[in-house]
Amino acid sequence: MRPQLTALILLTTPALAQDDDPQLAFNNHCRTCHSQDEGDNRLGPSLHGILGREAGSHEGYAFSDALASADFTWDKETLDAFIENPDAVVQGHGMKPYPGIADPKVRATILSALGAG
Ligand code: HEC
């Protein structure tokens with residue numbers, strides 16, 4: 001398919017349909033800043049293997065002091081809470097601008113793209 005056509009389809013697909021598909025939901029809400037490829041830090045750190053990773057510890061990424069000094073390991077619960085409202089999990093974090101995702105179904109879909117099915 002021609003790239004222009006793909007872009008057009010992505011742009012015109014209703015947001016709801018995108019939020020039903022894990023990869024599309026991730027692309028929609030996170031990929032502007034995050035890659036899922038190992039070691040691929042962008043504006044935000046790579047989210048490859050984020051489950052079970054210590055918060056603020058990814059090699060080669062300059063975390064905010066708040067996240068670097070956070071003392072927990074990412075699991076399904078902390079990730080869910082973080083993408084709902086990052087301030088509630090790590091005060092002073094630098095994941096901005098990020099509006100938060102209120103809909104638990106959309107959050108669950110994104111988490112399944114990150115391996116927390
Ligand atoms: C506007 C850019 C942006 C968007 C959109 C964004 N993030 Fe982030 N994210 C960041 C930045 C920047 C950091 C580093 C924050 C810090 O150092 O305090 C971060 C940090 C994180 C961390 C902590 C990683 C670690 O190693 O401790 C997780 C988890 C995370 N983001 C998940 C997500 C998910 C899931 C989404 C989509 C729902 C998302 N982010 C959307 C920019 C973004």
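Contact here means heavy atoms within 4.5 Å. Keep that cut-off at hand for the tour.

**Before you click.** This is a predicted model, where local features need pLDDT of at least 70, side-chain atom pairs count only at pLDDT 80 or more, and totals for chains, interfaces and linings use all residues. Residues are numbered from 1 along each chain as its sequence is written, and side-chain values use heavy atoms, with hydrogens and water left out.

**Whole chain.** Now colour by accessibility. Buried residues make up 32% of the 117 residues in the protein; buried means under 20% relative accessible area, exposed over 50%, and partly exposed in between, using a 1.4 Å probe and protein chains only. Of the contacts between residues at least 6 apart in sequence, 35% join residues at least 24 apart.

**Stop 1: the iron.** Select the iron atom of the ligand. Which protein atoms are its donors? They are His 34 (NE2) and Met 95 (SD), lying 1.9 to 2.1 Å from the iron. Donors are N, O and S atoms within 2.8 Å of the metal (3.2 Å for Na, K and Ca); water is not among the atoms, so sites may look incomplete. The iron site has six donor atoms with angles of 86 to 179° among them, and is octahedral. His 34 sits in the loop between α3 (22-29) and α4 (65-68) and Met 95 in the loop between α6 and α7, so the pair ties together parts that are 61 residues apart in sequence. His 34 is buried at 10% relative accessible area, while Met 95 is partly exposed at 21%.

**Stop 2: around the ligand.** You'll pick up 29 residues, the closest being Cys 30, Cys 33, His 34, Ser 64 and Met 95. Then look for polar contacts (pairs of N or O atoms within 3.5 Å; within protein, one must be able to donate a hydrogen and the other to accept it, and residues adjacent in sequence count only if both atoms are side-chain atoms). An N or O atom in the Ser 64 side chain is 2.5 Å from a ligand oxygen. Trp 74 also places a polar side-chain atom 2.8 Å from an oxygen atom of the ligand.

**Stop 3: helix α5.** Select residues 76-84. The buried ones are Thr 78, Leu 79, Phe 82 and Ile 83. Look down the axis of α5: its buried residues fall within an arc of 125° (taken from the directions from the helix axis to the C-beta atoms), so they line one face of the helix. Their cover includes α6 (86-89) and α7 (104-113). At the start of α5, a side-chain oxygen of Asp 75 comes within 3.1 Å of the backbone nitrogen of Glu 77.

**Stop 4: Ala 116.** Go to the segment after α7 to find Ala 116, which counts as buried at 8% relative accessibility. Draw a distance from its C-alpha to that of Leu 79: 9.4 Å, for residues 37 apart along the chain. Leaving out residues up to four places away in sequence, Ala 116 touches Leu 51, Lys 76 and Leu 111.

**Stop 5: His 58.** Finish in the loop between α3 and α4, at His 58. Buried or exposed? His 58 is buried, with a relative accessible area of 16%. Its side chain makes a polar contact with the side chain of Asn 41 (3.4 Å).

Notes:
Helix = DSSP H or I, 4+ residues; strand = E, 2+ residues; numbered from the N terminus. Tetrahedral: all angles 85-135°; square planar, octahedral: opposite > 155°, others 65-115°. Near = heavy atom within 4 Å.
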